[in-house]
Amino acid sequence: MPKAKETVLEIDLKALAHNYAFLKAKLVPETMFLGVVKAFAYGSDSIVIAKKLQELGADYLAVAYTKEGVALRKAGITLPILVLHPLPTSFKKIIKHRLEPNIYSFKILKEFMAVAEKRGEKKYPIHIKFNTGLNRLGFVEEDVDEICKLAESQDAIEIASVFSHLAASEDLNEKEFTLRQLSIFDSISNKMRAKLLHKPFRHTLNTSGIINYGKRAQFEMVRSGIGLYGYGNEAAVDKELMPVATLKTIISQIHEIKAGESIGYNRKYKAEASMVTATLPVGHADGIGRIYGNRNGFVWINGKKAEIIGNTCMDMIMVDVTGINCQAGDEVIVFGPKASAEDLAKGASTISYELLTGISQRVKRLILE
Ligand SMILES: *Cc1c(COP(=O)(O)O)cnc(C)c1O
C-alpha cells in the first residue's frame with residue numbers, strides 16, 4: 001500500500017468482498033442479500049461500494065433518503081434500491097428513478113398510491129415496514145387488514161416485501177426482547193402473506209441479527225451494513241471481518257514544547273514537562289470531532305500510539321509524540337485494519353458507525369481494487 005502524502009480515506013474493495021463472503025456463509029444460499037449503502041456507504045463511497053456489491057452478486061441495495069438512491073441510479077446502478085426513509089416530497093423522484101419506498105404509515109401509503117396511480121404505474125414495488133419494538137418507524141399488527149384492503153383495491157402498487165428492524169440484535173442480554181420482536185414479525189408477516197394475492201418476501205435481520213439470529217430468522221432476505229464495512233459489534237466477529245476504510249494522514253510539523261507552555265486553542269493543554277507534539281492535517285471538519293481531543297482519541301505513528309492533546313481544531317489536531325521516533329512527512333494511521341475504528345470510537349463514548357459515517361466529503365477517497 002502506498003504511503004500517504006495527505007489525508008486520505010482508503011477504500012479496500014478486497015476487504016468488502018471478504019466481508020460479503022463471510023456474511024453470505026452465515027446464510028442458506030437462497031437467502032437474498034441487501035447491502036446497506038446509506039450515508040455514503042457508511043462514510044466510504046456509495047457508488048464504488050454499490051458497484052462492487054452489484055458485481056459480487058448482492059440482490060438489493062438500501063439507502064436512507066431518496067437523494068442517495070438517485071445518485072446511485074445516475075451512476076448506472078441497476079440493482080433494486082430500497083429507500084428506508086422516503087419523505088412524500090420525493091415520491092415523484094422515487095418513481096422516476098425506479099427506487100422502492102419503505103412505506104411505514106397510512107399517510108404515506110395513500111400519498112404514494114396516489115402518485116403511482118397518477119403516473120399510470122402498474123404493480124410498482126413498495127415495502128411495508130412494521131414496528132415490532134424499536135418504536136421508530138412502522139405500522140403495527142392491527143393495521144394488517146386495512147393495509148391489505150388498500151393494496152388489493154388497486155393495481156398501481158404491489159407490496160414486494162414486509163419487513164421490520166430489530167432494536168438490540170447485538171445485545172444478547174436483550175435476547176428475550178429480540179425473540180419477542182421476531183415472533184411478532186412471524187405473526188404479522190404470516191397474516192400479510194395469507195391475505196394478499198401476491199406473497200411478499202420478508203426481511204428483518206441487520207448485521208448483528210445475521211450473526212446472532214441468522215438460523216432462526218433469515219427469512220427471504222437480510223440487510224447488512226456495518227458488517228460489510230468490516231465491523232461486527234463484538235470482538236469475536238471483528239476478528240473475522242476486514243475493515244474497508246483506512247483513514248490516513250501525515251505529520252505536517254513537529255514542535256518541541258517546553259514545560260509550562262500550552263498547546264492549541266483556549267490553552268486547553270499545559271505541558272508539565274518538556275514534550276514533543278506533531279500537528280496533523282485532519283480536524284473536526286474532517287470528522288474527528290472535538291470529543292476526541294484532550295486525550296480521548298489517538299492515532300498511530302510508526303507503530304506507536306499518539307494521543308490527541310488539547311482541543312481538536314477545525315482542520316488540524318495535535319498529538320503527543322514524546323518518545324516516538326518520527327518526523328514531518330511521516331504517515332499517520334487514524335483507523336483501519338490494525339487500528340480499529342471501534343476502539344477509537346470507544347474513547348469518545350460512541351460506536352464505529354458514527355466515526356465512519358462522520359468522515360466528511362472533504363477527505364479524499366482512494367479506491368484500492
Ligand atoms: C441501517 C440499517 C440497517 C443496517 O444495519 P447494520 O447494523 O449496519 O447492519 C438495516 N436495516 C435498517 C432498517 C437500517 O436502517
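Is Asn266 buried or exposed in this chain?

What we have up on the screen is a predicted model, where local features need pLDDT of at least 70 and side-chain atom pairs count only at pLDDT 80 or more, while totals for chains, interfaces and linings use all residues. Residues are numbered from 1 along each chain as its sequence is written, and side-chain values use heavy atoms, with hydrogens and water left out.

Okay, the overall picture. The chain has twelve helices and 19 strands. Those are DSSP runs numbered from the N terminus: helices are H or I with at least four residues, strands are E with at least two. The C-alpha trace spans about 80 × 40 × 40 Å along its principal axes. Out of 369 residues, 54% count as buried. Buried here means under 20% relative accessible area, exposed means over 50%, and partly exposed is in between, with a 1.4 Å probe and protein chains only.

Now the surface. For contacts, meaning heavy atoms within 4.5 Å, take the pairs at least 6 apart in sequence: 66% of them join residues at least 24 apart.

Back to my opening question. Asn266 is exposed, at 62% relative accessibility. You'll find Asn266 in the loop between strand E12, residues 262-263, and strand E13, residues 269-270. Its phi is near 65°, a positive value in a residue that isn't glycine. Why point that out? Most residues other than glycine have a negative phi.

There's another case like this, Phe40, with a positive phi of about 55° and again not a glycine. Phe40 sits in helix H2, residues 38-43, and is partly exposed, with a relative accessible area of 44%.

That brings us to the annotations. Which residues does the UniProt "active site" annotation cover? According to that unreviewed entry, Lys38 and Tyr265. A word of caution: UniProt positions are given in the numbering used here, feature names are shortened, and annotations may be inferred rather than shown by experiment. So do these residues share one spot or sit apart? They span 228 residues in sequence and the farthest two C-alpha atoms are 34.8 Å apart, so they do not all gather at one spot. From this set, Lys38 is in the lining of the largest pocket. A pocket, on a 1 Å grid over the protein atoms alone, is an open set of points where a 1.4 Å probe fits, with protein on both sides within 12 Å along at least five of seven lines, and lining residues have an atom within 4 Å of a point.

Let me take the two in turn. Lys38 is in helix H2 and is partly exposed, at 26% relative accessibility. Leaving out residues up to four places away in sequence, Lys38 touches Ala62, Val63, Ala64, Glu68 and Leu84. The unreviewed UniProt entry also labels Lys38 as "modified residue: N6-(pyridoxal phosphate)lysine".

Tyr265 is in the loop between E12 and E13. Tyr265 is exposed, with a relative accessible area of 56%, and its contacts beyond four places in sequence are Asn311 and Cys313.

The unreviewed UniProt entry also places "domain: Alanine racemase C-terminal" at residues 244-368. Over that stretch the chain is 10% helix and 36% strand, and the end C-alpha atoms are 10 Å apart.

Ser44 is in the loop between H2 and helix H3, residues 46-56, and is buried, at 4% relative accessibility. Setting aside neighbours within four places, Ser44 is in contact with Leu9, Ile11, Ile49, Tyr229 and Arg365. Glu142, on the other hand, is exposed, with a relative accessible area of 66%. Glu142 lies in the loop between strand E6, residues 124-130, and helix H7, residues 144-152.
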